[in-house]
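This report covers ring contacts and strand pairing in one protein model. The sequence and the model are shown first.

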Amino acid sequence: MTSPNVTPYGTPPPASPVATRKPVSLPRLNDMRERGEKITMLTAYDATFAAVADAAGVDCLLVGDSLGMVCQGLTSTVGVSLDTMRYHTESVVRGIQRVQGTPWIIGDLPFGTYQESREQALRSASVLMQAGAHMVKLEGGGWTTETVRFLVERGVPVCAHLGLTPQTVHSLGGYRFQGRGDSADKLLQEALALQDAGASMLVLEMVPATLSAELTLALPRCHTIGIGAGDGTAGQVLVMHDMLGVNLGKNPKFVRNFMNGQHSVFEAMAAYVRAVKDGSFPDNALHAW
């Protein structure tokens, strides 16, 4: 039997500022950025962990196609299907409905579900939005710009993704930093085009910290979310399994194990939120940019 002073996760109830926070929306994300408050994001794939993240105060939950690697044991994200993404999105949404229903939910469009045409992208986005996502994410720049515009004009909020794009990792030559040297200007131009097309969020993965900071200043209408991209972005995201130290491989050097020194997943997620908000994570000194 659960004690009245303990949540179902075996941890003390969240402090009142978290318990009373309002649901996250695009206007609220805009307000956070104007105040200089960092945006926190974690991946989530099921109801229980989504509920814990909600209680811990995470602003945004990304139902990422990274589930192919951390949940299904695949070697890349390429094999994840749209039906799988729908299933996990529905699970995450049900989880946050059990707690506060606060986070902004983003669903990944998997490989092969938006490359064929803008119409295909809209059909795929509709599946995830009907599953409960508030926004969809797609990878790449250049050719994706008109797809983003097409979706936004039809009422679908879009998160873009530049830098290391896992769905095309083979064409990039592996999991390596992007945006160095001559490619930095191309990445900047792609980011500006995506903002002009209506993307309201942009994940920057494994991009030099100086370039990420420059992009953040250049994109006032598009919230930059970094992963291995330094502390100059509007927010941070980590794969949940990485930040809990339970992944199947070796953590990238930009990842911190937030379970260290904590007694529960709830405490680890709350520590992550605090570290992003107070600027102590990420630490640029850990990266050789």
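## Ring contacts and barrel

Arg 154 lies over the face of Phe 150, 3.6 Å from the ring centre; a charge counts as over a ring if NZ of Lys or CZ of Arg is within 6 Å of the ring centre and within 35 degrees of the ring normal. The model is predicted, so local features need pLDDT of at least 70 and side-chain atom pairs pLDDT 80 or more, while totals for chains, interfaces and linings use all residues. Residues are numbered from 1 along each chain as its sequence is written, and side-chain values use heavy atoms, without hydrogens and water.

Rings of Phe, Tyr and Trp (its six-membered ring) pair if their centres lie within 6.5 Å; planes under 30 degrees apart are stacked, over 60 edge-to-face, and the rest tilted. There are 4 aromatic pairs by this rule, including these:

| Pair | Centre to centre | Angle between planes | Class |
|---|---|---|---|
| Tyr 114 and Trp 143 | 6.0 Å | 10 degrees | stacked |
| Phe 258 and Phe 281 | 5.4 Å | 80 degrees | edge-to-face |

Tyr 114 is in the loop between strand 3 and helix 6 (118-130), and Trp 143 in the loop between strand 4 (135-137) and helix 7 (144-153), so their pair ties together parts 29 residues apart in sequence. Tyr 114 is buried at 1% relative accessibility, whereas Trp 143 is partly exposed at 46%; buried means under 20% relative accessible area, exposed over 50%, and partly exposed in between (1.4 Å probe, protein chains only).

The 8 strands close into a barrel with parallel pairing, in the order 1-2-3-4-5-6-7-8. Helices (H or I, at least four residues) and strands (E, at least two) are DSSP runs numbered from the N terminus; two strands pair if DSSP finds at least two bridges between them. Strand 2 (residues 60-63) pairs with strand 3 (residues 104-108) over 4 bridges.
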